[in-house]
Every structure is written in structure tokens, then in C-alpha cells.
Amino acid sequence: MNGSPGASGDASEVALPDARKVLSPDPHQAATLWEDITDNELYRKGVSGLAAGDVVFDVGANIGLAALFFTGLVPGLRVFAFEPAEDCFSCLRENVARHGPGITPVQAALGAEPGVRDLTYYPRSPAQSSFYPDAEEDRRNTSVYLANAGFDEELARAFLPAMHQGRSYPVRVTTVSAALDEHGVEEIALLKIDVERAEQDVLDGVGEGAWPRVRRVVAEIHDTDGRLASVAEQLTGRGFHVETGQEALLAGTNVHMLYAARDH
């Protein structure tokens, strides 16, 4: 979800703390995303105990930082990284070529049914791009996040309006079920979801026949209209053990994390 204020434009090269260089449409956001991902205990738990050859579906892969993190923790992991936004996918593809053996970039969104949908892309906050744009909610969440992170209030106020000015364009949508067949995958060891209010669509696209082929889920949930409890109830009913939490920097927002597993 998150990112610090930054400027849009051509992709920039960013050095990660481990000295690897990655491309990002927004260098400021890339640095913040890497910190968010590596500090996320449920992401670590999601791949804990997985082995070489296991498959992760990274849905909402952005520029590939979560995929790089997962494969760093579990060498030999196979990751299919799904990202529909043009600018982000271009960076994802290059980052995978540089650092991601075992990662397959796929330019598509995952949703409830295959087709084409309009994505609203935020050039100055790519990670908040969405099929369900809500600039007011995004501004509130980002404002709280930046305050929690200690950003100067006046600086944040100056950047916020531009961060959520978007442009819309059509992107390809497929489903988890269709992607399993398309890529010849027997089982998803971890289904990671970060799709800015479209998380229920992704879950609906698993389909009854494919749910037994999903072992774990880790998802960012925007808790609007009781969505967090609803998703937890759905997964519990499918035999998953579910736990939820909220990162410290997101305290006071409606953004939560959910982890679900059958193999706990």
C-alpha cells in the first residue's frame, strides 16, 4: 500500500540495503516498500518452511520487491509475479532479469473473472494504483502512515494532493484458477495478495475447484464495510487457520494484514 512522497517520471535506479540495484517508477516509494516488506513478519511467516520448487503467486507484485525478498529467504522458490500497471511491470521485468532467478513476471491483474478492466494508476504513488480508486481514503491512510513514520507534516501536506492524481487505462485480468492452468502449476504454497481494495476479487477468482491447491494466503486487506472479518470468515470456513495484524506504521489506518494456512 505505502510509499513516501516522491516525484514521477522515467524509472530510476535505487540501491537496496544489500547493494542490489533495482528500477522503480518512484525511487522514494521503492525504498519505503522494501522496508515495509522486509519488516513484515507475516510475509516472513508466509514462506517459512517452504522449500525449493514450491510456488508463490505474488499478486500485485509492483516492481518485484516482495518476490525478491521471498526468493532471498528461500533459494529455489518459484514465484509468479503478477502486475498489470505498465510502468511497474517494465521495472519488474528488469529487476527480475537482474536479480530474480526463479521469478516469472506476468503482465496481468488477477480478479474474479478474466477480461479487461480499467486500472487507475497513480504515477506518484504507484503502489496505491487500484481498480477501486478512492483518493480520499488513500490520502487519509497515507497521511497517517507518514505521521507514524515521522515525516514533516508540512512536507507531507504539500505532496499528498499530487500523490493521488491518477490516470486510467485498460489492463488484462485473469484469475488464480486460470493462471494455475496457464502456467502448469499444481499447487500454490503461498498466495500473496496486495491489490488495493480488490482482494475479494482475487479470492473469488480462485474458484471452488482450485482452493484445495492453495496452502497459505497472506494478504493486505482494506477493512471497509467489515471486509477483514468477512475474508477471515471465508478462509476459516475453507479450513484455514487465520490470524490478523497491523503494522505499526499503519496504526490508525484501515489497512491490515491477514495470514491463513492449512499447514500450521
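User: Is Tyr43 buried or exposed, and what is its relative accessible area?

Analyst: The model is a predicted one. Tyr43 lies in helix H2, which covers residues 41-47. A residue counts as buried under 20% relative accessible area. Tyr43 is therefore buried, with a relative accessible area of 4%.

User: Which residues does Tyr43 contact, leaving aside its neighbours within four places in sequence?

Analyst: Contact here means heavy atoms within 4.5 Å. With neighbours within four places in sequence left aside, the residues in contact with Tyr43 are Ile37, Phe69, Phe70, Lys192, Asp194, Val218 and Met257.

User: What distance separates the C-alpha atoms of Tyr43 and Leu77?

Analyst: Along the chain, Tyr43 and Leu77 are 34 residues apart.

User: How are H1 and H3 oriented to each other?

Analyst: Helix H1 spans residues 27-38 and helix H3 spans residues 65-73; their axes are 10 Å apart and the packing angle is about 40°. Angles under 35 degrees count as roughly parallel, and 65 to 115 as roughly perpendicular. The crossing of H1 and H3 is right-handed. The two helices, H1 and H3, are therefore oblique to each other.

User: How many of the residues of H3 are buried, and which are they?

Analyst: In H3, 7 of the 9 residues are buried, so this helix is largely enclosed by the rest of the structure. The buried residues of H3 are Leu65, Ala66, Ala67, Leu68, Phe69, Phe70 and Thr71.

User: Where is Gly64, and how far is it from Thr38 in space?

Analyst: Gly64 is placed in the loop between S3 and H3. Its relative accessibility is 3%, so Gly64 counts as buried. Gly64 and Thr38 are 26 residues apart in sequence, and from C-alpha to C-alpha the distance is 13 Å.

User: What is the phi of Asn62, and what is its relative accessible area?

Analyst: Most residues other than glycine have a negative phi. Asn62 is not a glycine, yet its phi is positive, at about 55°. This residue is placed in the loop between strand S3 (55-59) and H3. Asn62 is buried, and its relative accessible area is 12%.

User: Asp225 also needs a description. What is its phi, and is it buried or exposed?

Analyst: Asp225 is not a glycine, but it has a positive phi of about 55°. Its place is in the loop between strand S10 (216-222) and helix H9 (227-237). Over 50% relative accessible area counts as exposed. With a relative accessibility of 80%, Asp225 is therefore exposed.

User: Which residues does Asn95 touch, not counting residues up to four places away in sequence?

Analyst: Asn95 is placed in helix H4, residues 86-99. This residue is buried, with a relative accessible area of 1%. Not counting residues up to four places away in sequence, Asn95 touches Val22, Leu23, Ile63, Leu68 and Gly100.

User: How are H5 and H6 oriented to each other?

Analyst: Helix H5 (residues 135-148) and H6 have axes 10 Å apart and pack at an angle of about 150°. Their crossing is right-handed. An angle over 145 degrees counts as roughly antiparallel. H5 and H6 are therefore roughly antiparallel to each other.

User: Which residues of H6 meet H5, and what classes does the contact contain?

Analyst: From H5, Arg139, Thr142, Ser143 and Leu146 take part. From H6, the residues are Ala156, Leu160 and Met163. By class, the contact of H5 with H6 has 4 nonpolar, 2 polar and 1 charged residues.

User: With which side chain does the side chain of His164 make a polar contact?

Analyst: His164 is found in the loop between helix H6 (153-163) and strand S8 (167-174). Its relative accessibility is 5%, so His164 counts as buried. Leaving aside neighbours within four places in sequence, His164 is in contact with several residues, among them Tyr122, Ser125, Arg139 and Thr142. The polar contact, at 2.7 Å, is with the side chain of Gln128.

Definitions and conventions:
Residues are numbered from 1 along each chain as its sequence is written. This is a predicted model: local features need pLDDT of at least 70, side-chain atom pairs count only at pLDDT 80 or more; totals for chains, interfaces and linings use all residues. Side-chain values use heavy atoms; hydrogens and water are left out. Axes are lines fitted to C-alpha atoms, for helices over the stretch in contact, and angles run from 0 to 180 degrees between N-to-C directions. Helices (H or I, at least four residues) and strands (E, at least two) are DSSP runs, numbered from the N terminus. A crossing is left-handed if the near helix is turned anticlockwise from the far one by less than a right angle, and right-handed if clockwise. Buried means under 20% relative accessible area, exposed over 50%, partly exposed in between (1.4 Å probe, protein chains only). A polar contact is a pair of N or O atoms within 3.5 Å; within protein, one must be able to donate a hydrogen and the other to accept it, and residues adjacent in sequence count only if both atoms are side-chain atoms. Ala, Val, Leu, Ile, Met, Phe, Trp, Tyr, Cys and Pro count as nonpolar, Asp, Glu, Lys and Arg as charged, and the others, Gly among them, as polar.
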